[in-house]
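Me: I would like to go through some labels given to residues here, and the grounds for each.

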Amino acid sequence: MLNGWLGEGKENGMEHDFQYISKHDPEVRAAYANLTKILRRTQDLAREKFTFQFYPVGSFSRNMITYDAKSNVGYDFDINIEVNDDEKAYFANEIRDILRNALSRVAPEYGYSHAKDSTRVITIKMVDHGHSRILHSCDFAVVHNGEENGRPMQRYIRFRKETQSYFWCQQSKGYDELPEKVKWLKRNSLWGELRNYYRSKKNANTDADCHSRTIFAISVHEMCQKYGYYPGRERG
């Protein structure tokens with residue numbers, strides 16, 4: 001279940017003050033263009049081992065990018081890296097190591113930090129050291145898309161810090177059903193309410209390891225629960 005993952009906010013949910021910024025903002029567009037260049041160069045470095053495709057997910061793809069006006073942490077991007085390793089020549093740890101090392105080699109040339117591991121993603125950050133601010137960051141999830149029992153199924157490489165190990169992990173059911181749930185909310189004229197609810201969830205979140213893509217999935221899940229989601233069924 002997705003609900004119940006978030007920490008409770010302070011003072012009626014105003015732990016933060018997240019505001020929306022358009023993906024068409026010149027600063028955001030320039031940042032995404034540089035991230036695309038970094039990934040294309042990463043593809044070149046990894047090509048002897050495997051190829052991969054990449055695509056934005058989450059806030060950028062839905063034009064729901066937020067930044068916290070109360071903090072020194074800017075907006076973030078979420079990008080999926082889908083590795084082509086059908087022959088399973090590489091273990092999960094090898095894939096993550098190859099990608100993290102390649103990103104760390106390229107990203108600093110564009111002003112970003114070296115790549116760092118977290119549970120679900122690899123992260124790079126654009127830091128304004130003079131003002132001790134993170135201007136923006138990007139989380140890369142390493143994924144594989146397939147099917148199970150005729151339904152879309154996605155796996156991702158998860159890092160277990162306690163044992164310093166990596167393994168392929170199936171996304172929760174909430175993630176697999178996310179595209180259909182998003183379409184259902186839009187069909188039922190609930191997108192505006194979802195935007196407000198997602199922003200309130202981000203403002204209430206106190207878990208630094210709970211990233212935007214997770215908060216969005218939780219928000220969609222809870223909105224669908226509230227309004228009686230059922231695939232293919234309209235409200236009313």
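Reply: One cut-off first: a residue is called exposed when its relative accessible area is over 50%, and buried when that area is under 20%. The model is predicted.

Me: Why is Ser-189 called exposed?
Reply: Its relative accessibility is 65%. Exposed means over 50%, so Ser-189 counts as exposed.

Me: Where is Ser-189 found, and what is its phi near?
Reply: Ser-189 sits in the loop between helix H4 (178-187) and helix H5 (191-204). Its phi is near 55°, which is a positive value in a residue other than glycine.

Me: What makes Gln-164 count as exposed?
Reply: The value for Gln-164 is 54% relative accessibility. The cut-off is over 50%, and therefore Gln-164 counts as exposed. Gln-164 lies in the loop between strand S8 (151-160) and strand S9 (165-170). Phi of Gln-164 is near 55°, again positive in a residue other than glycine.

Me: Why is Val-121 called buried?
Reply: Val-121 has 2% relative accessibility. Buried means under 20%, so Val-121 counts as buried. Val-121 lies in a loop too, between strand S5 (116-117) and strand S6 (122-128).

Me: Which residues is Val-121 in contact with, leaving aside neighbours within four places in sequence?
Reply: Contact means heavy atoms within 4.5 Å. On that basis, Val-121 is in contact with Arg-96, Lys-116, Asp-139, Phe-140, Ala-141 and His-211.

Me: How many residues apart in sequence are Val-121 and Phe-140?
Reply: They are 19 residues apart in sequence, with 5.2 Å between them in space, C-alpha to C-alpha.

Definitions and conventions
Residues numbered from 1 in each chain as written. Predicted model: local features only at pLDDT ≥ 70, side-chain atom pairs only at ≥ 80, totals over all residues. Heavy atoms only, no water. Helix = DSSP H or I, 4+ residues; strand = E, 2+ residues; numbered from the N terminus. Buried < 20%, exposed > 50% of the residue type's maximum accessible area, 1.4 Å probe, protein only.
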